[in-house]
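Reader: I've got a structure to go through with you, and I'd like to know what stands behind each label. Shall we start?

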Amino acid sequence: MPITLENKLVVAISSRALFDFEEENRVYEAGVASGDDRSYMQYQLDRLDKPAPPGVAFPLVQKLLAFNRGGGSTAHTNGLNGSNDRHRVEVVVLSRNDPVSGMRVFRSARQVDLRIERGVFTRGRDPFGYLNALGAHLFLSANERDVRSALAAGFPAARVYPDSAKKAELHPDEIRIAFDGDAVLFSDEAEQVFQRNGLDAFQRHEIERAATPLPPGPFKPLLLALHRLQTLAGHEVPVKIRTALVTARSAPAHERAIRTLMDWKIDINEAMFLGGLDKGAFLREFEPDFFFDDQTRHCESAARVSPTGHVISGIANHDHA
């Protein structure tokens, strides 16, 4: 039987999101500006045995890979969609790095017992095209252009804030992920009404359509995949998934959001309808392993307290596609 990732939760991640390669990136950009990346390749080769520090998404990846350590009598019978494979999560490095520098990525992962076996290194070319071959449920990158391209192609993707706070060690037995609503889990249909016509028009729009599910946003596939992963893994794994909706919506616009999740048959653990309050203070209490939002002001607030990804989609990012 050919090897396939079809029954896995697949996370594609750039080397800068997985490891703290900010110093290396400065060397890389200087080399690109001069038209020669060989100095960067040598820089990485000279540090081949020096473990790279954890990046903003490292704790999330570490916890997700724990799903592959499940035990019990049924661990071998449940993949993400029911295959007989306990290997439920696949993390693939998808990077603009060159193959030589890719050796340091794999070496750094092995030195901290991070079971990552697959990678695609494109030496400066756009890597997002390989998301389709991977069937990725999430793409995390520090490169804005790659994230925009991935979102336009229909993949959940976010530009990470490399300097985000990292506090995942506070909850070693839980994966905590928080999502904004409009333009992230849901489409930006209602957000467009708000941007064009203001709060009163937005509230009327949502009250009139309270029983009509919102169209899906770019991160619905990830939420569905996480839901399936948790359901099928059951009690076999050392970590559980806890999700939160953290939205600027407030009553009465809350109802349509809740009914949409009910229509999708997804139970979310927490919902925060903040009516414009600063999200950072609430995320400080929830302590997510990652938070996804489409608006930079919310991302900047969140990044002070938790790992954060900017979902560059919707009207807030001048993207009407």
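Predicted model: local features only at pLDDT ≥ 70, side-chain atom pairs only at ≥ 80, totals over all residues.

Reader: What is the area buried between domain 1 and domain 2?

Author: About 2100 Å², with carbon and sulfur atoms giving 74% of that. Buried area is the accessible area (1.4 Å probe) that two parts lose on being put together, summed over both. The domain bounds come from an automatic or database domain assignment.

Reader: Why is the pair Asp289 and Lys63 called a salt bridge?

Author: The term asks for a side-chain nitrogen of Lys or Arg within 4 Å of a carboxyl oxygen of Asp or Glu. For Asp289 and Lys63 the closest N and O atoms are 3.0 Å apart, so the pair qualifies. The count between domain 1 and domain 2 is one salt bridge.

Reader: What makes the largest cavity a cavity?

Author: On a 1 Å grid over the protein atoms alone, a cavity is a set of points where a 1.4 Å probe fits but cannot get out. Points are joined across faces, edges and corners, and the volume is the space filled by probe spheres set on them. The largest cavity holds about 40 Å³, and the search of the whole structure finds one of 30 Å³ or more.

Reader: How do you know where the largest cavity lies?

Author: Both domain 1 and domain 2 give residues to its lining, so the largest cavity lies between them. Lining residues have an atom within 4 Å of a point; among them are Leu9, Leu60, Leu222 and Phe292.

Reader: Which residue classes make up the lining of the largest cavity?

Author: Nine nonpolar, no polar and no charged. Leu and Phe, for instance, count as nonpolar.

Definitions and conventions. Residues numbered from 1 in each chain as written. Heavy atoms only, no water. 1 Å grid on protein atoms, 1.4 Å probe; cavity = no way out; pocket = protein on both sides within 12 Å on 5 of 7 lines; lining within 4 Å.
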